[in-house]
Amino acid sequence: MPALKLFDVAKTFTMHLRGGIRLPVVSGVTFDVEPGQCVVLTGPSGSGKSSILKMIYGSYRCDHGQIFLRYQTSFVDIAAAEPRHLLTLRRRAIGYVSQFLRAVPRVPALDVVADSLGPTRGKDNRTRAAELLRRLNIPERLWSLPPATFSGGEQQRVNIARSFLHDMPVLLLDEPTASLDARNRELVVDLITEKKRRGIAIVAVVHDEDVREAIADSLVDVTLFAKAA
Amino acid sequence: MIGLGNERPLLAAQGLSKWYGRQLGCRDISFQVHEGEVLAVVGESGSGKSTLLQLLSTQLEPSAGRICYCMRDGITRDLAALSEAERRFLFRTDWGYVHQDPPLGLRMAVSAGANVGERLMAVGWRNYRRIRTTAVDWLDRVEIDSRRIDETPRTYSGGMRQRLQIARNLVTNPRLVFMDEPTGGLDVSVQARLLDLLRGIVAELGLAAVVVTHDLAVARLLSHRIMVMKGGEVIESGLTDQVLDDPREPYTQLLVSSVLPP
């Protein structure tokens, strides 16, 4: 049984400030993701890969179609879920690594990561966060600093740590290795492979061919869903 | 849907409208707030967001519609049907109200400790030592040096006054807090500190909150959901990132695109 099932999903942006121009992004998006499987979305920039991830996460609204997420023993349609139910699903069932870290002022990197385990900044959560940061080569002297001043690669790894700490049944990755060097890229590939082994279903956007090669079980060509204007 | 959370709302507004004579305050507003949920109400001045906040907190009487609130005993009551005493009790215990202007929510002539302690005494605390310990604890949580507990808020900076107001409101463990532009009028650096503090406390206590703000960054940081108001009506609502990243209505798109990135 799939962990995630997209059926006939479509998205169009209407730009009201540009005279109501309509920008069709995708339509007829249909694919399944099994537990332990990684589906990589392919296609040139602007073809709608990130938009599909965002619709699965619910940060973009889905104009048409269904996005079924297996939750406990049934399927929930994310495209029709109430906002607060979506929030619950994000806490328990869908993880998302965005392209850029949206850092909260003043919160140290360690807590940014530990907070993903719940609102109480307890010692156990911090210990687990520290382990993962160490594994991702974030120097310990940076842990107590807010990540806003970190390099692109460091921010990216904090972002990954935040979404990888807690095992969510479905994990969405938007260019998780884009700003990383070869060594750190490999680390992230290892982490993704471990997730798959634990039965996590993954949908990823990755431009790096080596990374794609290493993690993908199947490819979905997003240009097939291109919508005629 | 099964297992996705408590279905009974803490606060439910149905068809709320307010007219000031022939002038519209807000029209036909319906929404729910659940436990632990932070709702931001955004819009420009005159959009009706402050009117809405005053209606919800029973400081104004609606021209039409009603507001139901789930009391601590689990019984949902129509706020208009509460007696004055019951309403006052709600305000002292279950609710908090953080004003944009701290002097409106503080007693400026009494000490910081008394400002916090007063709310506790109002709910029946009598032991001076316990009240003081709790006040010290709360000053600490809002990052006010407890050595300044005996000073009046007149000697405090704007940011400290706002943090004191928050401590005064939260000391009785309310379940619902109304905030009217909680970071308005503060320096940017002070705002960031206050926001982080609020975010932490709200998450830790599992508070529900209705936050009125014109600042989309504040909404992004604090809230789970957003309602966008214009001309007294709610024109768009949804998850915070949904509304801010994928705004649908022309006015919301204008709001989102009008923010200058730093």
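This is a predicted model: local features need pLDDT of at least 70, side-chain atom pairs count only at pLDDT 80 or more; totals for chains, interfaces and linings use all residues.

Colleague: How many residues does the contact take from chain B and from chain A?

Modeller: The contact takes 36 residues from chain B and 34 from chain A, where contact means heavy atoms within 4.5 Å. The two chains bury about 2,900 Å² between them, 53% of it on carbon and sulfur atoms; buried area is the accessible area (1.4 Å probe) that two parts lose on being put together, summed over both.

Colleague: Why is the pair A:K11 and B:D246 called a salt bridge?

Modeller: The term requires a side-chain nitrogen of Lys or Arg within 4 Å of a carboxyl oxygen of Asp or Glu. The closest N and O atoms of A:K11 and B:D246 are 2.5 Å apart, so the pair meets the definition. Between chain B and chain A the count is seven salt bridges.

Colleague: Which element gives the largest share of the side of chain B that touches chain A?

Modeller: That is α7(B), with seven residues. Helices (H or I, at least four residues) and strands (E, at least two) are DSSP runs, numbered from the N terminus.

Colleague: What makes β1 and β4 of chain B a pair?

Modeller: Two strands pair if DSSP finds at least two bridges between them. Strand β1 (residues 11-20) and strand β4 (residues 64-70) of chain B have five bridges, in the antiparallel sense, and therefore qualify. One bridge joins B:Q14 to B:R66 in β4(B). Both strands belong to an open sheet of four, ordered β2-β1-β4-β5 (chain B).

Colleague: Why are β6 and β9 of chain A said to stand at the edges?

Modeller: The five strands of that open sheet have the order β6-β7-β8-β3-β9 (chain A), with parallel pairing. β6 (94-97) and β9 (218-221) of chain A each have a single partner strand, so one side of each is left without a neighbour in the sheet. For β9(A), the pairing with β3 (residues 38-42) of chain A is parallel and runs over four bridges, and A:L41 has A:V220 in β9(A) as its bridge partner.

Technical notes. Residues are numbered from 1 along each chain as its sequence is written. Chains are lettered from A and ligands numbered from 1 in the order in which they are written. Side-chain values use heavy atoms; hydrogens and water are left out.
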